[in-house]
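My notes follow in the order in which I looked things up.

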Amino acid sequence: MSKLEVKNVMKLYPGVIALDNVSISFENGKVHAIIGKNGSGKSTLVKILSGAVEPTAGEILMDGESIKFTSPADAFSKGIATVYQELSLIPGLTVAENILIGRLPMKGKFVDWKETYKKAKELLDDMKVDIPPNTMVYKLSMWQRQMVEIVKAMSFQPKVLLLDEPTSALAQSETEALFNMIRELKKKDVIIIYISHRLKELWEIADTCTVLRDGKLIGTVSMDKVTHQEVVNMMFGNIEIRTRPADIKVSDEIVLEVRNLSRKKYFKDISFQLKKGEILGIAGMLGSGRTELLRSILGIDSFDRGEIIYKGEKIIKPNPIKMKQKGFALVPEDRRKEGLIQTMTIKDNLCITSLDLISKGAFIEPHLEKEFAERQVKTLKIKVANILDPIFSLSGGNQQKVVVGKWLNTNPEIVFFDEPSRGIDVEAKQQIFQIIWELSRKGISSIFVSSELEELLEVCHRILIMRDGRIVDEVLPENITVEELYSLCMGGEKNEVSGNY
């Protein structure tokens, strides 16, 4: 039996104890989940195990022998492979080339392509992954890329496979396909360490769960002996999971109407209305057209036909500048690439969308800039040491609040939230939901897209269901269960679910 052990590991940064005397052991043939809220030390432990960071004290043992590494390549050479949330595949190469990159079979001075594809297919088949090895990676969906990344890692026959948020960008059906692959890995007696913010999936895939809080080990539990609430309590102490407050009412005033909006290959004949103060959810699997619809309404991408009517006025040729001026805002799906400027400070990011409000002529008014930034830090309870710190110094949840805060500084009328809870912990999610509810109280409307269908039931007044680029149904959260909602998103008929619409 193989065993990986972390013994009395500490990691100190100036003024911060990131890990405080943590000891955990991991056995082969099991999936070991590591969870914790943002700032818990989870990421630091992952970096230590993957060789990206050296511990200040303590040791790591493999089968009783102390091992040390000073780089990811060093950890890899000692049998620890890591599949990161940010995938490392090269889109312009084939699946086979990506799996075998750096060690392609050769015939003299030339690549033996026949042997390359044969070897890659054997590796794919061994993991029961049905993807042709000659497929270009850019043609693959996100979950298929995840699988190829894992096959690539497993081709080196590691003793330990560390999966960092592998399902963060996947819908439910795609997650299940990935889980089937992980179950195959268990049969190969690999030590699997699994990091995730999606608590509900732990009971489907993990055997044990280790919880970190504020750098300390809270405990390790068996998934078959622990409840969801007990895990949440371990992560946060005690946190209240709230649903939409009953006092949030929706006006009859229609602020946005979309009529027969179509864009080839993405969506067709989309029509809906959004009322003042309403939180309108859009449910659907990845690829259903949800994000593309939001982008076209905002003028980021063009559409082929249809109308967008805002407060009774038809908007001709929308573009992001025009839509921002009219009071639209977008919290995008990828906050790091599309929502924030990583080279800027927290203050700069909070003020970047409201330069017209804090400037006189061509010059920014420093006192207004500081006031705008500090107002959102206080209102949204963004945990910052200094607003002049770089944005990348913040946790995922606090970065997400900065994205929201920069748009609140523009005094929006309608905010589009595209996967606002992706990659953030339970506490941060609850805070984002509170912000959306508070906007609703002020008469600000929201469109809320999420692959976590439970969130739509918790947060929204009404939910549209998109499938294959069309709106196929509309439901009220109080009249449907999450299982029924999943069924409708995946193609189930109304008579297959018991909701009363």
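Before counting anything, I wrote down that a residue is called buried when its relative accessible area is under 20%, exposed when it is over 50%, and partly exposed in between. With that cut-off, I found that buried residues make up 52% of the 501 residues in the chain.

**Entry: confidence.** I reminded myself that this is a predicted model, and I looked up its mean pLDDT, which is 87, with 94% of the residues reaching 70 or more. I marked residues 494-501, where pLDDT stays under 50 and where the model has 16 contacts beyond four places in sequence.

**Entry: the whole chain.** I noted 17 helices and 24 strands. The radius of gyration is 24 Å, close to the 23 Å from the globule rule for 501 residues, so I recorded the chain as being as compact as a globular protein of that length. Along the principal axes, the C-alpha atoms fill a box of roughly 70 × 55 × 50 Å. I also looked at contacts between residues at least 6 apart in sequence, and 66% of these join residues at least 24 apart. The chain has 69 positive and 69 negative charges, and their mean positions are 3 Å apart.

Entry: Is Thr 116 buried or exposed? I found Thr 116 in helix H4, which covers residues 113-126, and its relative accessibility of 0% makes it buried. Beyond its neighbours within four places in sequence, Thr 116 is in contact with Ala 96, Leu 100, Leu 104, Pro 105 and Val 111. I then turned to helix H9, residues 290-297, where 6 of the 8 residues are buried, so this helix is largely enclosed by the rest of the structure. Among those buried residues I listed Arg 290, Leu 293 and Ile 297. Just after H9, Gly 299 takes a positive phi of about 80°.

Notes. Residues numbered from 1 in each chain as written. Predicted model: local features only at pLDDT ≥ 70, side-chain atom pairs only at ≥ 80, totals over all residues. Heavy atoms only, no water. pLDDT = per-residue confidence, 0-100. Contact = heavy atoms within 4.5 Å. Helix = DSSP H or I, 4+ residues; strand = E, 2+ residues; numbered from the N terminus. Rg over C-alpha atoms; globule rule 2.2 N^0.38 Å. Buried < 20%, exposed > 50% of the residue type's maximum accessible area, 1.4 Å probe, protein only. Lys, Arg positive; Asp, Glu negative; His and termini not counted. Charge placed at Lys NZ, Arg CZ, Asp CG, Glu CD.
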